[in-house]
Amino acid sequence: MRHASLWKGLLRVEQGVLERMEYDSETDTLIFDVRLDRRAGVRCGRCRSPAVGYDQGRARPRCWRGLDVVSTRVLLRARVPRVRCPEHGVTAAAVPWARHGSRFTRAFEDTLAWLATRAAKTTIAALMRTSWRSVGQAVTRVVAELDAAGAEGDRLVGLSRIGIDEVSYRRGHKYLTVVVDHDTGRLVFAGDGRTKKTLGEFFNALGEKGCANLELVSCDGADWIAELVGLRAPQARLCLDPFHVIATAQRALDKIRTGAAREARRRGNQAASRALYRARFALWKNPDDHTDAQAAKLAWVAAEHDKVHKAWQLKEHLRAVFAAGGAEGLALLDTWYRLAETSGLPAFTDYARRLRRFRNDIANTLHAGLANARVEGTNTVIRLLTRVAFGFHSPEPLIALAKLRVGGYHLALPR
Ligand SMILES: [Zn+2]
């Protein structure tokens, strides 16, 4: 074939033998026939260990999509012999230009994974002319390879302060358990499901020494997490994540606000009802960051809707607890319990009763001075990814995407 060595370099198939090229004008595709260089020996496709030849494999060649040349599609085509691996039995031989089981070349897959952490779903699908589902599979394979090379293990070394969280996906029907390092903000573990078994996998990976090194574990107060932490890392102080404490107060406030909006509508005051429905953001936002319009809305709520304003004050009070921290925060917390319990607002009296159980855990949070913003930022990214990952059919691509985005994995574009 003419210019074979130039094409080999362009296609990154240096270790293969390029036999011929054809152009299919109907699909605007360049098709390259390659074969493995027998002198290099054969390896198992799954573990890449040296293996012995078994047979020539399927008669029909396999194809891999490569990076476009200018804007023309590229396909590599080859017959892949089968090998016998001591560990994996009879399986397809490894090809240097692609990962096992993939219909894409390495360079194509690395580009998809790189884009997946930086660009919008529709952008990637249009630019790379591939389905979003294929992007998910590519990201999963890229991350599995990084993990196998030790990326995951590295992240577990020296962990001392961690946050454990449950993240829902598929509109709340499924859950991931995620673990974030408080000191770096990095995602260090993500597993499918919210069970002791899933979290147990994290502690297993951490090992006995790693577990003994944990000083502090923050979580949302779920009993199953507290029980398992007590079992695997009994020396670690349990903290309650401020994020969850305030989010629950926010939901209690929302309940009271929408209740008041319904009440206003019943009394025929449509304007007040609408204004209350639309006040969510103003009541959610930190008042220091209010625009003039939001400040005016809050003043209106204070003047006209006593219950809603009281609920807002209770929510802000909780935020002040964590902003103050230490002994001052704890004193504020005790005041909060008293105010919430006597507020006459069922959503808050219930919440105060539930939160009483966690006074010790909150005290730990306040004394540890947890830099919550970092972990919260990481968890926010993961929650956004659950929406991006909606088109994926299994949790693995979501986990892989989360690792690439906030796990500190380094992924370079092919060059
Ligand atoms: Zn093998």
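I take buried to mean under 20% relative accessible area, exposed over 50%, and partly exposed in between, with a 1.4 Å probe and protein chains only.

**Entry 1: ground rules**

The model is predicted, so I keep to pLDDT of at least 70 for local features and to pLDDT 80 or more for side-chain atom pairs, while totals for chains, interfaces and linings use all residues. I number residues from 1 along each chain as its sequence is written, and side-chain values use heavy atoms, with hydrogens and water left out.

**Entry 2: aromatic rings**

I began with Phe202, which is buried at a relative accessible area of 0%. Phe203 is also buried, at 0% relative accessibility. I count rings of Phe, Tyr and Trp (its six-membered ring) as a pair if their centres lie within 6.5 Å; planes under 30 degrees apart are stacked, over 60 edge-to-face, and the rest tilted. How are the rings of Phe202 and Phe203 placed? A search of the whole structure gave me eight aromatic pairs. In the pair of Phe202 and Phe203 the ring centres are 5.3 Å apart and the planes stand at 55°, so the pair is tilted. I also noted that ring pairs link Phe189, Phe202 and Phe203 into a cluster.

**Entry 3: the zinc ion**

Which residues coordinate the zinc ion? I found Cys44 (SG), Cys47 (SG), Cys85 (SG) and His88 (ND1), at 2.1 to 2.3 Å. The angles between the four donor atoms run from 105 to 113°, which makes the arrangement tetrahedral. The rule for tetrahedral is that all angles of four donors lie between 85 and 135 degrees.

Along the sequence I read the donor spacing as C-x2-C-x37-C-x2-H. Cys44 sits in the loop between β2 (29-36) and β3 (52-55), and His88 in the loop between β6 (82-85) and β7 (89-92), so this pair ties together parts that are 44 residues apart in sequence. Strands (E, at least two residues) and helices (H or I, at least four) are DSSP runs, numbered from the N terminus.

Is each of these two buried or exposed? Cys44 is buried, at 0% relative accessibility. His88 is partly exposed, at 23%. For contact I require heavy atoms within 4.5 Å. Leaving aside neighbours within four places in sequence, His88 touches Cys44, Arg46 and Cys47.

**Entry 4: positive phi**

I looked up Arg48, which is in the loop between β2 and β3. Arg48 has a positive phi of about 60° although it is not a glycine. Arg48 is partly exposed, with a relative accessible area of 30%. Val70, in the loop between β4 (62-69) and β5 (72-78), has a positive phi near 55° and is likewise not a glycine. Val70 is exposed, at 81% relative accessibility.

**Entry 5: domains and cores**

The domain assignment, which is automatic or from a database, gives domain 1 (1-103), domain 2 (151-241 + 371-406) and domain 3 (242-368). The centres of domain 1 and domain 2, taken over C-alpha atoms, are 38 Å apart.

By nonpolar core I mean a set of buried Ala, Val, Leu, Ile, Met, Phe, Trp, Tyr and Cys residues joined through side-chain atoms within 4.5 Å. The largest core has 37 residues, and Leu112, Ile124, Val139 and Leu187 have the most contacts inside it. Elements that each supply at least two residues of this core include α2 (106-116), α4 (132-148) and β8 (161-169). Which helix gives the largest share of this core? The helix is α17, with seven residues. Apart from this core lies another, of 36 residues, among them Ala249, Leu276, Leu314 and Ala363.

For Val139 I listed contacts beyond four places in sequence: Ala113, Ala116, Ala400, Leu401 and Leu404.

Lys255 is in helix α8 (residues 242-266). Lys255 is exposed, with a relative accessible area of 59%. Its C-alpha atom is 7.4 Å from that of Ala347, 92 residues away along the chain.

Lys310 is in helix α12 (residues 306-324). Lys310 is partly exposed, at 35% relative accessible area. Beyond four places in sequence, Lys310 is in contact with Ser343 and Leu345.

Notes: Donors = N, O, S within 2.8 Å, 3.2 Å for Na, K, Ca; no water. Tetrahedral: all angles 85-135°; square planar, octahedral: opposite > 155°, others 65-115°.
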